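The following note is intended to be read alongside the sequence and the structure. Its points are numbered so that each may be considered in turn.

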Amino acid sequence: MNEIGQMLADNAPFLLSGLLTTLLLTVFGFLGALLLGTTIAIFRVCPISPLRVVGTVYVEFFRNVPLLSLLILIVFGLPDIGLLIPLFWCGVLGLVLAGSAFICETVRSGINTISVGQSEAARALGMSFTTQLRLIILPQAFRTMVQPLVNNFIGILIGSSLAAAVGVSDITNVTQQLNIQYAEAVVLFLLSGAVYLVFALGAGGVGSWLERLVAGARTGGFR
Amino acid sequence: MTVPPLVELRGVRKSFGDFEALRGVDLDIARGEKVALVGASGSGKSTLCRCINRLETVTSGTITIDGQPLPQEGKALADLRAQVGMVFQSFNLFPHYTALENISLAPVHVRKASKADAETEARELLERVGLSDKAQSYPAELSGGQQQRVAIARALAMHPQLMLFDEPTSALDPEMIAEVLEVMSELAADGMTMLVVTHEMGFARHACDRVCFMDAGQIVEENNPGEFFDKPRTERAQDFLSKLLHH
């Protein structure tokens, strides 16, 4: 037991850097996916049919390709076409591309929960499609999307562990390296597993808090 | 020389799949005129009303507003809709904005009025519909009648040339119908051009210049309210009115 304690103490900075990398991968991945996914969702509901096609093709491609394949494609494929991106950002890019396909569908179903009367009222006032989305539809839709977005966040968090396989030094990669050195697989992977568990539980907690916040607002009774 | 009508419908047809909701409707509405559109449920009144600001697209026929045919979806249509106010049966207020914001939102973001001007006018409109104390209330905190009065104020804030009312009192409790009809009567007295789809025959008789009676997708009778209610000419109108009076 002492040996394990010693191992952890000796490698604390290394482990912490892995933990931080996992956190940053997830946060950047999620924020990027939220932005891109919302944009693609807008494509999928917009009145211009070529954009709807682009949205559909995007979702069907990135939702149905394994994240690991995508990451390998990015890490080894982009340099082939002359694009050199730091490894960390390759990981983020993969998470954004895959995550946005899922978030797109979350946002789209959120938009679909808003009654058609809201859109009709906005159109009757002369609002353009984008004004309507920005002022009327999306602010209401996001309130219904808190828990599904927590799911998407956790998906990206857990997916971020695949970045280890292409060499990003996240917590999974770091514990893997230590395992090679110390041959303490169970302890080390329990440790990295615990990191994901704690982050995911934290995300769930934030989600519940956000949901209560929205429900507690004076407008909460509208549904 | 005659003044051209503000709204002109010619041979308007609308099908939903196999069902023909409108079967060739001609209708002129003069500037300042108040027209009541009455008839049984499913006769096409609401569809006709929704076609005028193109919330429904017509299958064939033409609709012109102020001499201008309804444009395709896009900027020109948005501009035109901004001049045509609409009040819905289910109010459709924006639940995440206060009453004041509901009214000032479109003037700020569509008509590009300054926020201060839009809010000043929104307060005036709230006073006009008798709700000056509800500026900071959210729709969920208002009664149905209050919500519908805010919805009327919201439409008026865009300075429309024409107001469309699609069964504005049908979702209201009886005691709230009067407050909404009162606001509408005042609006009519102020000279607003109005098309009102309604089951409130009292309002049609007293506040409107003309009654159009629809049946099975057509206007089968139109007349001034006095003549229409006292001496309906067609059998279908007689039948409709007798059912209203005898229950």
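1. Two strands are said to pair if DSSP finds at least two bridges between them. In this predicted model, strand 1 (residues 7-16) and strand 4 (residues 60-65) of chain B are joined by five bridges and run antiparallel. Within strand 4 of chain B, Thr62(B) is the residue that stands opposite Arg10(B).

2. In chain A, Thr38(A) lies in helix 2 (residues 12-45). Thr38(A) counts as buried because its relative accessibility is 11%, and the cut-off for buried is under 20%. Thr38(A) and Val107(A) are 69 residues apart in sequence, yet their C-alpha atoms are 6.2 Å apart in space. Beyond its neighbours within four places in sequence, Thr38(A) is in contact with residues including Leu138(A) and Phe142(A).

3. The largest nonpolar core has 81 residues, of which Ile136(A) and Phe94(B) touch the most other members. Helix 5 (residues 87-112) of chain A contributes the largest share of this core, 12 residues. From chain B, domain 1 (1-83 + 161-247) and domain 2 (94-159) each supply at least three residues. Another core, of 48 residues, lies apart and includes Leu100(B) and Val211(B).

4. Over all chains, the structure holds 21 salt bridges. One of them joins Glu73(B) to Arg54(B), with the closest N and O atoms 3.6 Å apart. This pair links distant parts of the chain, 19 residues apart: Glu73(B) is in the loop between strand 5 and helix 2 (75-82) of chain B, and Arg54(B) is in the loop between helix 1 and strand 4 of chain B. Glu73(B) is partly exposed at 46% relative accessibility, whereas Arg54(B) is buried at 13%.

5. Lys243(B) and Asp239(B) also form a salt bridge, the closest N and O atoms being 3.1 Å apart. These two residues are separated by about one helical turn because they are four residues apart in helix 9 (residues 235-245) of chain B. Lys243(B) is exposed, with a relative accessible area of 54%, while Asp239(B) is partly exposed, at 38%.

Definitions and conventions
Residues are numbered from 1 along each chain as its sequence is written. Chains are lettered from A and ligands numbered from 1 in the order in which they are written. This is a predicted model: local features need pLDDT of at least 70, side-chain atom pairs count only at pLDDT 80 or more; totals for chains, interfaces and linings use all residues. Side-chain values use heavy atoms; hydrogens and water are left out. Buried means under 20% relative accessible area, exposed over 50%, partly exposed in between (1.4 Å probe, protein chains only). Contact means heavy atoms within 4.5 Å. A nonpolar core is a set of buried Ala, Val, Leu, Ile, Met, Phe, Trp, Tyr and Cys residues joined through side-chain atoms within 4.5 Å. Domain bounds come from an automatic or database domain assignment. A salt bridge is a side-chain nitrogen of Lys or Arg within 4 Å of a carboxyl oxygen of Asp or Glu.
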